[in-house]
Amino acid sequence: MADPMPPSLTANSPSQAQPNGRVKATVLSCYDLPDDVAQPDSVILEVLGASVGTGPPLARHKDRNSFKFGNNGGNANDLLVQATLSELYDSVVTFRVQFSDKQQPDLVAQFHMSNRLQVNETKWLILNLRPDDKKEKTLISSCDDSNSDSNNSAPTLRVKVVLNGPYRSEVASLISVFSSWFSTVDHVSSNLESSVDALKKLPAQIPAIKYLLLPILPMTVSLVAVLPIVLGVLVVGLPLFLPVIAMLLVTSLGVAAVGGLLYCSTATGRQSMLVFLHPIFTTFLATPTGQKVIYDVGPRPSPKNLAQFLLPDDIIGKLITSLVMDFIGSTSYLLPIVGEGFDLVWAPLYGICIAAMYDDTTPNLKYVAFAEEILPFTDVIPSATFGWLKEFGPTFLDQGKETVHHFTVMARRERSALNNHQPTKS
């Protein structure tokens, strides 16, 4: 996984665990160093107690006290520290600029790895440098190249950093399974395409085959004639046929889901889904929750954390989500026996969603929600909507009271003004 590196530029953390991650930094340049300092001797990368440094810079800027680093002439500028990915992700990175004049204090820049880097994604950073103060524990602020001010003369260090590490075991297994599935689907699709092409050529090769289409016309006419009768019977016997209709609807949805899955597994379907899913996945992966789900950077996020990421947190979004959740819970009444079995799956999901949305205001509501979904004949209770009313209801009441008070004051003023302008009787 690691690139071949000179031994002097590679370091392992003191951890006893087998390293499965690495942070690689390429030092590009030091800009706008103080005029009274000597040439930098090296740039040191410090992570988890391990340190590794570059050689001297390659060249100095002709007009500014700035220096360029590179690999020319044996002065390597690629720094590598290996450790477990979870330790690296939670660590603090320190870059230390050392000078040939040992009396000159070092210049340092620091940042939290998890705040600035994403696993397996290269970042170009511009880090503000300041003199090292052993007594000060505050992390040095830093900014990236998109937010930096080119006119700022503060000393900066420019680096390219990438944090590499493995997927979680379950994610790696899913990737392997999907890769095998897609390969199988592609193979079957190529065979089906050749078969379909052969079938399309049959009418031209066997002209008599077109006579097989003759029975289709009377069958279509009969179906159109019988359809109103079937619809009338269904309308009259709707209460009796409702469970059957629900079963047919569920079956149709299942068949449609299988067909959609098969289409999305083809090369064409994957390209179509990629356009839609790629921005969503990229946004998710950029969050701490996404990093913890996909990569082995520490403890797995809880179901509640995942639900908090997916569910809305605004007033309208929560209201719509709550109504939809309560509606889904009440649909079990359409199938009296099968529906209660569905509640065994829906009740835990319902409780997790309630906890994600309303734990801050109603921490015990998730238990009530789980109980009313898991118990028979209690699904009609709209627990999610009650949670929304508990969180936002007082705000609406206060606003309503203020509005009523405002109109009451206005009405009194209007009435008083009318009374004052009434003509007096002689």
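Biologist: What is the relative accessibility of Lys 123, and how does that residue count?

Modeller: Start with the cut-offs. Buried means under 20% relative accessible area, exposed over 50%, and partly exposed in between (1.4 Å probe, protein chains only). Lys 123 has 23% relative accessibility, so it counts as partly exposed.

Biologist: What should I know about the model before I go on?

Modeller: This is a predicted model, where local features need pLDDT of at least 70 and side-chain atom pairs count only at pLDDT 80 or more, while totals for chains, interfaces and linings use all residues. Residues are numbered from 1 along each chain as its sequence is written, and side-chain values use heavy atoms, with hydrogens and water left out.

Biologist: With which residue does the side chain of Lys 123 meet in a salt bridge?

Modeller: First the rule: a side-chain nitrogen of Lys or Arg lies within 4 Å of a carboxyl oxygen of Asp or Glu. The partner of Lys 123 is Glu 121, at 3.8 Å from N to O. Glu 121 is partly exposed, with a relative accessible area of 32%.

Biologist: How many salt bridges does the rule give?

Modeller: The count comes to 11. Take Arg 300 and Glu 170, whose side chains meet at 2.8 Å, N to O. Arg 300 sits in the loop between helix H8 (288-294) and helix H9 (303-310), and Glu 170 in helix H3 (residues 169-200), so this pair ties together parts that are 130 residues apart in sequence. Helices and strands here are DSSP runs, numbered from the N terminus (helices: H or I, at least four residues; strands: E, at least two).

Biologist: Are those two partners buried or exposed?

Modeller: Arg 300 is exposed, at 52% relative accessibility. Glu 170 is partly exposed, at 33%.

Biologist: Which residue forms a salt bridge with Lys 304?

Modeller: Asp 359 does, and the closest N and O atoms are 2.9 Å apart. Asp 359 lies in the loop between helix H11 (338-358) and helix H12 (365-374), and Lys 304 in helix H9, so the pair ties together parts that are 55 residues apart in sequence. Asp 359 is buried, with a relative accessible area of 15%. Lys 304 is partly exposed, at 29%.

Biologist: Which residues are linked in a network of salt bridges?

Modeller: Look at Glu 46, Arg 96, Asp 106 and Asp 132. Salt bridges link these four residues in a network.

Biologist: Let us turn to the backbone. What is the phi of Asp 32?

Modeller: Here is the general idea. Most residues other than glycine have a negative phi. Asp 32 has a positive phi of about 55°, although it is not a glycine. Find Asp 32 in the loop between strand S2 (21-31) and strand S3 (40-47). Asp 32 counts as buried, at 15% relative accessibility.

Biologist: And where does Asn 120 lie?

Modeller: Asn 120 is in the loop between helix H2 (113-116) and strand S10 (123-128). Its phi is positive, about 60°, and Asn 120 is not a glycine. Asn 120 counts as partly exposed, at 36% relative accessibility.

Biologist: Now a helix. Where does helix H7 bend?

Modeller: The bend at a residue is the angle between axes fitted to the seven residues ending there and the seven starting there. Helix H7 (residues 267-285) bends by about 40° at Leu 277. A proline, Pro 279, follows within four residues.

Biologist: Which residues of H7 are buried?

Modeller: The buried residues of H7 are Gly 269, Phe 284 and Leu 285.
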